[in-house]
Amino acid sequence: MELRQLRYFVTVAEELNFARAAGRLHIAGPSLSQQIKALERDLKVSLFDRDRRSVTLTVTGAALLPHARALITQADELRRLAAGLRTSEPVRIGYVNWCPTDWAERAAGVAQLRVDTWVMPSHTQAARVSDGSLDLAICWVQTTDLASKSLDAHLIGVDRLYALGVGSDTSPVEAKDTVVLLDSDEATWSSWNRYAEHFAADTGARIVRVDDGGVTGPTFFEHIRRLRRPVLNNPKGQNIQEPSGLVRRPVVHPTPLWTWSLVWRRGEDGPAVRAVIDAFTRDLPELGVDDEGSWLPPADPYRPKGIRTEAGRRPTPTTTRPPRPRAGREKSRGAEEESPQAAPGSGRRSNH
């Protein structure tokens with residue numbers, strides 16, 4: 001019997017659904033099922049009754065559940081004591097939009113996590129880690145950011161961007177046939193603008209400049225209706241339901257990916273911070289940055305070496321996991337630009 005198996009047992013007991021439990025634990029469903037069966041063999045009891053429609057605790061499973069929780073709590077306390085973390089300060093972490101759904105569980109037993117409620121753009125969160133206002137942040141960074149701010153990073157999440165278009169056509173759209181919006185407010189949209197400029201330069205997508213915060217939100221939808229062309233979505237709106245009359249379309253040749261990094265100060269030696277870094281970056285699933293047909297900006301820390309752009313040119317190679325900062329940024333080529341009239345009453349929104 002392993003402590004890991006007890007954690008799996010408790011998670012399945014809480015979810016009563018193997019698929020949801022596997023998602024929380026970041027492991028494959030068949031692997032989770034095998035581990036539960038192995039635990040049942042070791043204990044020589046049945047913990048769950050399963051059929052195609054439901055999962056329920058057996059009487060024995062229900063009786064053992066509080067004891068399993070107690071053992072896990074004791075083990076976590078032992079780890080805190082062993083690491084000398086009992087009296088340490090909380091680890092301060094900030095984020096932008098995306099964060100792991102299980103970060104409290106991952107931090108449990110190694111450190112007290114204080115999630116900062118001041119949600120700011122990626123470049124601001126990276127700067128706050130650099131100046132010591134935060135210990136960690138989950139944000140979008142480039143190798144140039146890591147070098148200039150003396151940060152290290154590890155990939156922990158990826159969003160596959162798509163296009164929004166008018167009508168009912170949900171077929172894939174070529175990257176070169178999309179529009180990408182840039183906002184004139186660099187203080188808010190610096191990270192997105194850099195990403196969008198590289199995307200346009202590499203694929204031939206058309207740039208449209210706006211000055212109304214309309215790269216996401218209701219004003220973004222208004223721009224799509226006005227342009228009547230597929231427009232690349234901003235990751236801040238990744239999970240927002242599109243309004244009636246607009247549809248999502250996969251972007252292909254290539255498919256743009258937006259990466260989320262856990263960043264920390266280079267040379268960080270705080271035991272609690274290092275323990276959280278290890279907890280957040282251990283046992284992560286494959287995130288698809290190496291998939292054929294995927295696209296990342298030239299200065300993305302996780303862009304595979306030797307990747308070719310749609311125009312056939314070979315950009316400066318960047319490093320793969322774990323990222324090692326390199327100075328300099330590839331110069332973007334120009335793209336066709338236009339500026340639609342700003343929608344009245346629109347406001348600015350936080351960027352990535």
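## Terms and basis of the model

Contact means that heavy atoms lie within 4.5 Å, and helices (H or I, at least four residues) and strands (E, at least two) are DSSP runs numbered from the N terminus. This is a predicted model, in which local features need pLDDT of at least 70 and side-chain atom pairs count only at pLDDT 80 or more, while totals for chains, interfaces and linings use all residues. Residues are numbered from 1 along each chain as its sequence is written, and side-chain values use heavy atoms, with hydrogens and water left out.

## Helix α6 and its surroundings

After α6 comes Gly132, which has a positive phi near 90°.

## The crossing of α1 and α3

The axes of α1 (residues 3-15) and α3 (residues 29-43), which are lines fitted to C-alpha atoms over the stretch in contact, with angles running from 0 to 180 degrees between N-to-C directions, come within 9 Å and cross at roughly 110°. The two helices, α1 and α3, are therefore roughly perpendicular to each other (65 to 115 degrees). On the α1 side the contact is made by Arg4, Gln5, Leu6, Tyr8, Phe9 and Val12, and on the α3 side by Leu32, Gln35, Ile36, Ala38, Leu39 and Asp42.

## Gly270

Gly270, in the loop between β13 and α10 (271-281), is buried, with a relative accessible area of 18%. Gly270 and Val91 are 179 residues apart in sequence, yet 9.5 Å apart in space, C-alpha to C-alpha.

Terms used. Angles under 35 degrees count as roughly parallel, over 145 as roughly antiparallel, 65 to 115 as roughly perpendicular and the rest as oblique. Buried means under 20% relative accessible area, exposed over 50%, partly exposed in between (1.4 Å probe, protein chains only).
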